[in-house]
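The sequence and structure are shown first.

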Amino acid sequence: MFEIKKICCIGAGYVGGPTCSVIAHMCPEIRVTVVDVNESRINAWNSATLPIYEPGLKEVVESCRGTNLFFSTDIDAAIKEADLVFISVLSNPEFLAEGTAIKDLKNPDRVLIGGDETPEGQKAVRALSAVYEHWVPKEKILTTNTWSSELSKLAANAFLAQRISSINSISALCEATGADVEEVATAIGMDQRIGNKFLKASVGFGGSCFQKDVLNLVYLCEALNLPEVARYWQQVIDMNDYQRRRFASRIIDSLFNTVTDKKIAILGFAFKKDTGDTRESSSIYISKYLMDEGAHLHIYDPKVPREQIVVDLSHPGVSEDDQVSRLVTITKDPYEACDGAHAVVICTEWDVFKELDYERIHKKMLKPAFIFDGRRVLDDLHSELQTIGFQIETIGKKVSSKRIPYAPSSEIPKFSLQDPPNKKPRV
């Protein structure tokens, strides 16, 4: 059987970098070269400060970089020397979750390899299977035709996104009835037919994969004249958009129907904890809706660089003209972000937010002081926070028994819960 000695991976991003780093780490006899046209990104991979944050990634890279793992901009040379080129030869979809990508790569649920049903295609499938067999049991390596492989990837992410949108729809019902969505999720998750994974209600899912893959599925269905199926999966995206708008509307309503010129602290900008990735982060959309209402945002995230936040919020579909320069301040300290704020809005479930000194924060906030927990990270602290004096609003549960009354405005809000977001995702 043909043996692979040199691998070239085109693209040094969130998938290519970690995946090929782990391959090099687990297969010391294989030379792995990751190439990219972005010279600054390659320079970062070759430095002490990697271009992406992922728990365990730095240790893996440093264990084999310069030995059998290389990062380069010389794409042509790497391709010519390679026995196998990732993304160009066959379908090998990843099923990584950011924040646990290294663990997922070292101990995957399955590895899926799809190839053409030709002698050449099957030869490539066997060769790549042999690479993974260095550390993955054979029974976990699935081989299929190319279409099955690609659709499996889309369907897996669509099913996961569907579960999140499903529990988020129930969270709206819980808030209206007095139920607690966490208790509901626990009850239904104990049903072995359903399971308890991906039943965490929140301000909405983000990341590069869920929305993209669901929309790819919608596009395929429309192209193949399956409109009913397309509409079914489109509703998963629509519910996610609705959850974000609903949360932003709740912030505005609670702050006496206006956030104009009010300081609001946004804690967390990454789409989930343990990553610096902001792609399709719900924080972007919440920030957009609040900026549209004239709020002054002070944003803190422990891993997202200032430049990335500015780029995301300056997107033409998110802000206009000088909105970001006028309304957004990015801080390196969570207490600074909360100092003098009318409200604290938690958009990412970073563990550090559970450990903040909320008594200190409350003393320096304007009163009444509000906390809007979009990730249910402060559930165990509700009684303590209310004793301090906070008004608590969270997803899928009524917390404040004595809500401060406000007079509803007769004005129609600038955005509707039924309106689609201005930033239209591209398929």
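The model is predicted. Its second largest pocket has a volume of about 620 Å³, and the lining draws at least three residues from each of domain 1 (6–144) and domain 3 (244–394). Two helix pairs are also described: helix 1 with helix 3, and helix 7 with helix 8.

**Second largest pocket**

- The lining comprises 26 residues, of which Y14, L50, P51, I52 and Y53 lie nearest the centre of the pocket.
- Two or more lining residues come from each of helix 2 (39–45), helix 3 (57–64) and helix 12 (306–313).
- Helix 3 contributes the most to this lining, with three residues.
- Classified by residue type, the lining of the second largest pocket holds 10 nonpolar, eight polar and eight charged residues.

**Helix 1 and helix 3**

- Helix 1, spanning residues 16–26, packs with helix 3 at an angle of about 50°, and their axes are 9 Å apart.
- Because of this angle, helix 1 is oblique to helix 3.
- The crossing in which helix 1 passes helix 3 is left-handed.

**Helix 7 and helix 8**

- Helix 7 (residues 146–177) and helix 8 (residues 181–189) have axes that cross at roughly 130° and come within 9 Å.
- Helix 7 is therefore oblique to helix 8, as angles over 145 degrees would be needed to count as roughly antiparallel.
- Helix 7 passes helix 8 in a crossing that is right-handed.

How values were computed: Residues numbered from 1 in each chain as written. Predicted model: local features only at pLDDT ≥ 70, side-chain atom pairs only at ≥ 80, totals over all residues. Heavy atoms only, no water. 1 Å grid on protein atoms, 1.4 Å probe; cavity = no way out; pocket = protein on both sides within 12 Å on 5 of 7 lines; lining within 4 Å. Points joined across faces, edges and corners; volume = space filled by probe spheres on them. Helix = DSSP H or I, 4+ residues; strand = E, 2+ residues; numbered from the N terminus. Nonpolar A, V, L, I, M, F, W, Y, C, P; charged D, E, K, R; others polar. Domains from an automatic or database assignment. Axes fitted to C-alpha atoms, helices over the stretch in contact; angles between N-to-C directions. Parallel < 35°, antiparallel > 145°, perpendicular 65-115°, else oblique. Left-handed = near helix turned anticlockwise from the far one by under 90°.
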